[in-house]
Amino acid sequence: MSGAALGLEIVFVFFLALFLLHRYGDFKKQHRLVIIATLLAWYLCFLIVFILPLDVSTTIYNRCKLAVNSSPAESNGSYVTLAPSKQKCFKPWSYIPDGIMPIFWRVVYWTSQFLTWILLPFMQSYARSGGFSITGKIKTALIENAIYYGTYLLIFGAFLIYVAVNPNFNLQWNQLQTIGIAAANTWGLFLLVLLLGYGLVEIPRSHWNGAKRGYLLMKTYFKAAKLMTEKADAEENLEDIMEEVRKVSESIKYNHPLRKCVDTILKKCPTEYQERMGRNMDDYEDFDERQNSYPSEKSLAKLHKQVIYSVQRHRRTQVQWQILLEQAFYLEDVAKNESSATRQFVHTFHSQEPENKIIQYFYTPTVEWYWECLLRPWFYRVLAVVLAIFSVIVVWSECTFFSTKPVLSLFAVFIQLAEKTYNYIYIEMACFLTIFFLSICVYSTVFRIRVFNYYYLASHHQTDAYSLLFSGMLFCRLTPPLCLNFLGLTHMDATISHKNTQPTAYTSIMGSMRVLSFIADGFYIYYPMLVVILCIATYFSLGTRCLNLLGFQQFMGDSEMTSDLIDEGKELIRREKRKRQRQEEGENRRREWKERYGNRDDSTRSRAVHTDQKESSFSETNANRPLSKYTRSNGRTERDRIELLQDAEPLDFNADSVNDDPLESDSGR
């Protein structure tokens, strides 16, 4: 089993990251480089979270070997060995051989740092660029990132000059590397505590509110009202952009040098707009440079960027509206079925997507009623209580993990108790649950937050390239300080435990933070205590109330604006429900008509076909007879018909009045 656990987790985490990226991204429409870069960033961050418990168990086993193979008073280089254990050290099932983990962590960490600080910011600007060529997009990305990269170079250059001038500093390359890592982790820890304080309260509360049917339904009505406003705004914005595209397309003709750029813009437009512009465009008219003023390539690039953004936003709001309607209809069905005497779940509308036969066999209407109306609320309440207990433990440990005598961090107590008995399964499970819960609190906040339309992760393949790349940047910056914070909570970090024992392979890659004592002994220890204040602010919804005061509508039960939006959303859902009911009634009537009169129509159709065959055979028989006798008369009849058609004058439907009296008309033939 040596190294097998590492290989299994590497494969499992890859498919997990691929599944999540498929849920939020669009593999068919988005650029391959965007998909690959985002997948790599998510994969490396998830991999660190899953592999770190194996590193902890392997480190504990190595400490046990040093303790058994050395005497109590013996010193082994830079390590002071522990007292020999009375029992033999058993190798864990997930033991990773020496030398693998340091190389693994070094590759994973520096790859993620290269992504978050260099590659992903450049790809963000490249994805948002409206250029029409690869060279133009790269040029735009370099210009936009010049200030971004220049700030880093300025800070790093000023630091190097200060170190070179000051004789008290004699820093080597390893120490400079450690300072860079400490600076990156400090920035990540600052953002980590903010997101963690929100997630520790909001995740248990969201599951507790998930058991309240009335609460979920009211919140869905509120979302419907807000989404309808955003949907109307997106449609209006798209109409304005398409009008600009139409004007540009009509002004720049087929033989203009910039016509290729216009064609590229037209390809990004929706199909109905492309057909409309194609019908109104006359490509056979030449352009005249002296008479007309044409837009520049820079303005076309700006228009191209606006088209991409408006089309993406319009498509996202349309999909989200349909999903929200399904959710609202389902919650209304749950509210109706709670008082059902038959105890069978009845849907108002049938699912538009075909359901799996295996799911239909086991998840019957009776099972669905018991789950949705009885079991699911209690399950959510129990889960919310368990998550709340975890949150309390995390907050307590964040405030007390710096205390080593006595050990007050509960996570450190659990790990040290298991370390005495060398129960590696318990150690790995405890470490995994701890870091997994911390990751859920942080990563779920990244998926939930929305910065206007600048950053927004929308499910069902509706996330744009810029938001995907930005999420990859956040994950790569948050994961290393998250892991260091976890090691500090469990006292596996020598900086926190103040023990000169063998460190984990992950800590050895990070280097000794003693180079910057004010960060190691100050910021890393006392700043996480701020999570208490953030949890209190989140519990009383202070951020939501501030946004509501600033004019950003937020769901608050005691707000008059919230009540008005709930009523508006309820009316919108009721209107859409009546519309869908009429559509289903029309489809049912057409289906019944086909079932009732389908055979009669088939017989009538076959009789008509048989009659047509007879007439065609009769005409063919007459055609074979000599027709010289009737040729002249038929020709005269045909000429007379043509003359009558030529004499007929077209009616003028654009006239102001219609004269019904033929005697008063000018053409009174």
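**Entry 1: cavities**

I began with the largest cavity of this predicted model, which holds about 90 Å³ of space. I then looked up the total and recorded 4 cavities of 30 Å³ or more.

I next listed the lining of the largest cavity. Sorted by class, the lining has 4 nonpolar, 5 polar and 3 charged residues.

**Entry 2: residues 224-251**

I consulted the UniProt record, an unreviewed entry, which places the feature "coiled-coil region" at residues 224-251. In the model I found this stretch to be 100% helix and 0% strand. Its end C-alpha atoms are 40 Å apart.

**Entry 3: Asp-55**

I turned to Asp-55, which lies in helix H2 (residues 32-69). Is Asp-55 buried or exposed? I recorded Asp-55 as buried, because its relative accessible area is 2%, and the cut-off for buried is under 20%.

I then asked which residues Asp-55 is in contact with, leaving aside its neighbours within four places in sequence. I noted Met-101 and Trp-105, and also Thr-504, Ala-505 and Tyr-506. Last, I checked the distance from Asp-55 to Leu-6: the two are 49 residues apart in sequence, and their C-alpha atoms are 9.9 Å apart in space.

Conventions. Residues are numbered from 1 along each chain as its sequence is written. This is a predicted model: local features need pLDDT of at least 70, side-chain atom pairs count only at pLDDT 80 or more; totals for chains, interfaces and linings use all residues. Side-chain values use heavy atoms; hydrogens and water are left out. On a 1 Å grid over the protein atoms alone, a cavity is a set of points where a 1.4 Å probe fits but cannot get out, and a pocket is an open set with protein on both sides within 12 Å along at least five of seven lines; lining residues have an atom within 4 Å of a point. Grid points are joined across faces, edges and corners, and a volume is the space filled by probe spheres set on the points. Ala, Val, Leu, Ile, Met, Phe, Trp, Tyr, Cys and Pro count as nonpolar, Asp, Glu, Lys and Arg as charged, and the others, Gly among them, as polar. UniProt positions are given in the numbering used here, feature names are shortened, and annotations may be inferred rather than shown by experiment. Helices (H or I, at least four residues) and strands (E, at least two) are DSSP runs, numbered from the N terminus. Buried means under 20% relative accessible area, exposed over 50%, partly exposed in between (1.4 Å probe, protein chains only). Contact means heavy atoms within 4.5 Å.
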